[in-house]
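Subject: Structure for you to look at

Dear colleague,

I am handing over the structure below, and after it you will find my notes on what came out of it. Please read them with the structure open beside you.

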Amino acid sequence: MMSDSLPLHSSIELRDVEKVYRSGRLEYAALRGVNLQVDSREFVAIVGPSGSGKSTILNVMTGIDRPTAGTVKVFGATLNDMNEEELAVWRGEHVGIVFQFFQLLPTLTALENAMLPLDFARTGSVADRTDRAHHNLALVGMGDKPDHLPLELSGGEQQRVAIARALACSPSLLVADEPTGNLDSDTAQHVLELLAKLNTDGMTVLYVTHDRELASYADRTVTVKDGRVIDGHRPSGHGSAP
Amino acid sequence: MRSALERRAWRELSRRRARSIFTVLTVAAATTALWMFAIPQLSNRAMAERVEDHQLDDVVLSPAWFDLSDRQIDELQAIPNVAGLDVRTGFVAPISFGEQRQEAFFVTVRDFGDQEVNVVTIDEGEAPGHREFLVDLQNTRSQRLTATTGDMLRLYGPSGESEEFKITGVGGSLRHSDGVRDGAPVIYITHETFEDLADAQGYSVLNFKVADRTDGQLAATLNAVRSAFEGMVGEPEYQTIPQIRPAGDWPAKESMENVTTVFYVLASIAAASALFMVYTTMNAIVREQTNEIAVMKAIGGRRRQIAWSYVRSAAIIGTLGTSLGLVVGFLMSNLLLQMASTTLMALTPGWGVSWEVAALSVLVGIGGSVLASLPAVWRAVRVPVQEALRDQGIAAGFGDGWLDRTLQRSNRLPRMTQIGLRNTARRKAASLVTALQVSLAVGIALGLLMLGATVMDAAQDWRNAEGGDIEVSDGPGVDGFESRIANVAGVADVEGVYWSTIGVGEERAAMLGLEADTTIFGKDVVAGRWFTPEEAATQARVAVIGLPLAELTGVEVGAEVAVETPGGSETLQIIGVDRNMSNDGKIVYLPIETQYDMDLRTAPNWYWVRTANQDEEYIDSVASGIANTLSSAGYQFDLEVNYIDARAARAEERLILGIIGALGIPIAAIGMIGLASAMTMTVLERTREIGILRSVGARAKDVRRMIGAEGLALATLGWVLALPVGFFSGWAMLWVIGRAFNTSFGLVPPYWAIVPSLLVALLLATLIVRRPATRAIDLSPGVALRYE
């Protein structure tokens, strides 16, 4: 649903959000007044052409980037009011992020990468964290390679580990920026099925893709163009292959 | 219109300013280090000016005693090619300031307002009038005599009578000031004062300088002066042959050249470490851009084109760094020269430029930067495109080695500490280079400490080796002389020795006769053995030779050596080599009984006295007691209190070590710049990863812990490597100095500095990573993730 008047019960609210990148003498408006709401447990795909601002929406929604104007509220927290340190802690507790290029730490094994957010959040004992990381790796089908370094894994396997890392702290919100961008079609399908399953289990999931077919896995597709949200219809059902 | 590749070379500099600035600073440090080579040249130039200003003599004639009228002096001054001539008297007399009594060297000046040769300058106060003193400025610097303008000095006569004289000022003379360092305090008086005090007329030295030294002019002028002089005073008995100052020579030149040797060693170390830094920095820059190089190759860039673009960047960095280094090097070399000259030569030279070193700086700064970049560029342009495009700042084989496996097993450490430690293993070669930079900085500091500790220890041993606390000479063979000294209250031991001269091959050396079981002389036999009481009793022709003399003459233990002594030709069997540096190590020790037999003597000519208490005031009081006893008994003698010599020597050693320390600062600074550069680049390389960590919940302190762990690990590794580097650099410096002095040193490693050096290395690493870490943390994760 997309509206100028946002309902109060939305879990995620972006109101009049603008984002301008400055590089030397150049300015580039990536977002030009975005209004968007996402309900709890929604499964949303954000689509649009390259440079349309879809990744920037995810970045301001997770506090990775700060909006130049407008307000961002996520699960009751107003991100505009938080400093970098507060945002880091908040992300660690509430948000799981999956990057297009996996962004695993190359010196850590799959298990250690999957444990990392738990270490930051100081959740439970080390043994508890290890169990949790093993569980998440098993959930994404990587339970048999916990001691492998990222260099020793394929692209699809690295992305699965990245998802396991995103799930570490049982986040309320999982965002994925082009999670299948570097994967073959079979692997991409497996990853999206995994995201769909996580949504079915109760997690709010947003992912960015420029592929409309891949967007059809989501309950709702939000279309972005030239820094604006131009459409936000809900397809019927989710989880079925296009 | 410039090509895109040319523009890339320029923009590379502004792309990462911190990295560019550090690289430029590294090149600047390298060129600055080269300017140490300018110091000896500049000091020679400054001294040449000083020689001119002070009208340093070219020839010294030392007749036993003579008298000339003013008219006769004028006639000598008028001899063709004589540019200046003067006559003076030099004599030694006991003085005291407070309780401290010592021998001082007095120099007379006929007219302080009209000096033609060896000008005595007035640096403070005013020239002495009749029955007034002017003290040399080196007296205080060497801590031999601290009396200054306005103080009163007591002068003792031959019969023990004394009188106080006022000091009107402080001055100096190029000819005489140098003698203070290893001789006695120098005091200048008018010749009129001397005649009044001595109740005698006459001079002991005739000095002159010539206008033209070329083509036998100097010899001809010397003959003319001698001929005229001898015509005036008859046939004088000369104490020495005429002393002709070699062209370009000046007092203290030898000391300065010895220090120069150290300058060259340190300059070489500094230049080598700085060039190493330039190489590693250039290497790091190119390595960092492996990915970009692959992109350029992927779109059709040829190796040569790409390499040229990076070489151009290196040349720009080299030019900027060299420009800065020229300015800093000029300032540093002149400031160090001022420090060394003030210390060693009591002069403040003007500022100067060594154009040869400036040219060398340009060559090494720019050429060295380009050359240093070539191996890395060569390697980078040969990496396959696909491999380079996948480059994630981690070596392909990471995880396979024992170190990687060990680090992966370090599960008990906090996660961020683990990541920091493992990051050091990501690019082992790069980490090793960074650690080597730490090791150079810390190692050279340790090496300098070892140099200082060893030299101080050796000098202390050499000083303690002979003489005891008080030395009494010039009273040889007089009945009751030794027993009168022994009976003075506070004297614990008296030992008579015999000092003479000896010729070994072409070397003139000292010959010291000692008791076989001497307790005052501190033997330091490094080869062979000392002589036995049995050998002494039989007046055996055995000797222990000083190490420098052994080195110079090639004499070894067991050799039978033909020598010339005052008693005639002899053959001595060398039974040992001793490392003491008495008479600069040009010395032969033998049983005093043997020496008596060879020189046809029967008594010592020098007494060494050990006092019951080593307190300086106590020694002063014992020295006064000995002086009073001997004076009242009518003996003629010289008395020397050794702690004054020791204090003067220590003061000089401290100053020289201060200079060496000051030279070490640029070396340590070069190491620190290299370390800062390497650590900054390491953190910059991790910026993107720091963005990821922040995205998944890492707090600022988590990131700091990771970067800190990496910095501390590299600093610790560097410190471990610094221990052998320090030992080796210290050993190398001591070896070079030992070669210069024909001696060797018992190494004194500064064990006490090992733990503090680790703490300093860790502290510096912590401070150095602080700023880049803060910058990386302050970036929003979005900016950090986009960082390239």
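The crossing of α23(B) and α24(B) is right-handed (the near helix is turned clockwise from the far one by less than a right angle; helices are DSSP runs of H or I with at least four residues, strands runs of E with at least two, both numbered from the N terminus). Their axes, which belong to residues 687-695 and 700-741 of chain B, come within 10 Å and cross at roughly 145° (axes are lines fitted to C-alpha atoms, for helices over the stretch in contact, and angles run from 0 to 180 degrees between N-to-C directions). On the α23(B) side the contact (heavy atoms within 4.5 Å) is made by I690(B), L693(B) and R694(B), and on the α24(B) side by A700(B), V703(B), M706(B) and I707(B).

This is a predicted model, in which local features need pLDDT of at least 70 and side-chain atom pairs count only at pLDDT 80 or more, while totals for chains, interfaces and linings use all residues. Residues are numbered from 1 along each chain as its sequence is written, chains are lettered from A and ligands numbered from 1 in the order in which they are written, and side-chain values use heavy atoms, with hydrogens and water left out.

Chain A holds an open sheet of six strands with mixed pairing, in the order β6-β7-β8-β3-β9-β10 (two strands pair if DSSP finds at least two bridges between them). Because β6 (95-98) and β10 (228-231) of chain A stand at the edges with a single partner strand each, one side of each has no neighbour in the sheet. Within the sheet, β3 (residues 43-47) and β8 (residues 204-209) of chain A run parallel and are joined by five bridges, and I46(A) has V208(A) in β8(A) as its bridge partner. Helix α6 (residues 185-200) of chain A packs on the sheet, where it touches β3, β7 and β8 of chain A, and its direction makes about 155° with that of β8(A).

Best regards
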